[in-house]
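Work through the exercises below with the sequence and the model at hand. Each task is followed by a solution in steps.

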Amino acid sequence: MKTNLYNYILELADNCLIAGQRLGELCGHGPSLETDIACTNISLDLFGQTRSYFQYAADIKGGDASEDSIAFLRYERQYKNVLLVEQPNRDFAYTIARQYLFDVFHLLLLEKLQFSQDMILSAIAKKSIKEASYHVRFTGDWIKRLGDGTEESHAKMQEAIDGLWTYTNELFEVTEEAKILAEEGIAVNVSTLKDLYYEKVSALLTEATLTVPENKYFQKGGKSGIHTEHMGYLLADMQYMQRAYPNMKW
């Protein structure tokens with residue numbers, strides 16, 4: 001039970017951690033000051049949620065485990081985030097598209113997780129829903145603004161959606177740990193969110209005058225620790241301080 005719960009928490013937290021790290025890379029590089037600050041604040045929201053998850057995970061693991069050691073001292077194969085969130089910031093349209101595709105899923109997940117029989121997971125979800133709702137509105141508005149904007153912005157957003165769509169189906173893969181915990185009323189069976197997710201995303205893309213991709217092949221592997229080539233570079237940057245100065249305390 002404890003091992004399953006620990007791994008499930010990592011599955012929840014790693015998505016927020018890696019998505020937050022990617023958005024954090026934009027700090028000082030946004031298209032405008034207001035947008036730059038908004039993206040940074042979303043990153044901070046995700047890191048705050050990650051801390052809550054990792055503090056709980058550290059309590060479960062025991063020993064000398066801490067939120068910092070779980071975040072910074074694992075190896076690439078030990079991270080359980082989906083491939084979507086680790087994709088790089090190629091341009092602003094790509095960054096916004098990646099975040100929106102994650103945000104819609106994240107909000108649907110939290111809305112279910114708030115009813116978990118695990119009181120700590122339930123509390124984290126309830127606290128995070130307001131933030132996640134704002135994230136969906138912010139990124140969704142940018143999807144519409146760019147998609148239904150100039151010829152160039154439309155082309156860039158369509159290219160981003162087309163390139164990222166192949167990573168969306170993995171969001172709804174149910175791991176063995178999650179399956180066991182879902183039967184106990186603790187975890188969310190994410191496969192039940194799939195139809196509503198694609199319905200919501202497709203509706204917004206249509207409103208933004210974008211074409212909904214019709215992929216028949218999807219990438220996966222992140223939840224089992226098999227990541228894209230981008231993950232190693234991200235971790236090298238994110239983990240540098242803890243690796244260079246072991247046991248450093250803030």
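A nonpolar core is a set of buried Ala, Val, Leu, Ile, Met, Phe, Trp, Tyr and Cys residues joined through side-chain atoms within 4.5 Å. The model used here is predicted.

**Exercise 1. The core**

Task: State how many residues the largest nonpolar core has, and which of them have the most contacts inside it.

Solution: 
- The largest nonpolar core has 82 residues.
- Those with the most contacts inside this core are Y8, Y53, F105, L121, I143, M157 and Y197.
- Helix 4 (residues 92–113) supplies the largest share of the core, 15 residues.
- Take L121 as a case: leaving out residues up to four places away in sequence, L121 touches L5, Y8, I9, L12, Y53, Y56, L113, S116 and I186.
- As background, nonpolar side chains tend to be buried together in soluble globular proteins.

**Exercise 2. Aromatic pairs**

Task: Describe the geometry of the pair F92 and W142, and then that of the pair W165 and Y198.

Solution: 
- A pair of aromatic rings is described by the distance of the centres and the angle of the planes.
- The structure holds 7 aromatic pairs.
- In the pair of F92 and W142, the distance is 5.0 Å centre to centre and the planes make 85°, an edge-to-face arrangement.
- F92 is in helix 4 and W142 in helix 5 (residues 119–147), so that the pair links parts of the chain 50 residues apart.
- F92 has 19% relative accessibility and W142 12%; because buried means under 20%, F92 counts as buried, and W142 is buried as well.
- For W165 and Y198, the ring centres are 5.5 Å apart and the planes are at 50°, so this pair is tilted.
- W165 lies in the loop between helix 6 (151–164) and helix 7 (176–183), whereas Y198 lies in helix 8 (residues 194–207).
- This pair therefore ties together parts that are 33 residues apart in sequence.
- Both W165 and Y198 are buried.
- W165 and Y198 belong to one aromatic cluster with F105, F172 and Y197.

Notes: Residues numbered from 1 in each chain as written. Predicted model: local features only at pLDDT ≥ 70, side-chain atom pairs only at ≥ 80, totals over all residues. Heavy atoms only, no water. Buried < 20%, exposed > 50% of the residue type's maximum accessible area, 1.4 Å probe, protein only. Helix = DSSP H or I, 4+ residues; strand = E, 2+ residues; numbered from the N terminus. Contact = heavy atoms within 4.5 Å. Phe/Tyr/Trp six-rings, centres within 6.5 Å; stacked < 30°, edge-to-face > 60°.
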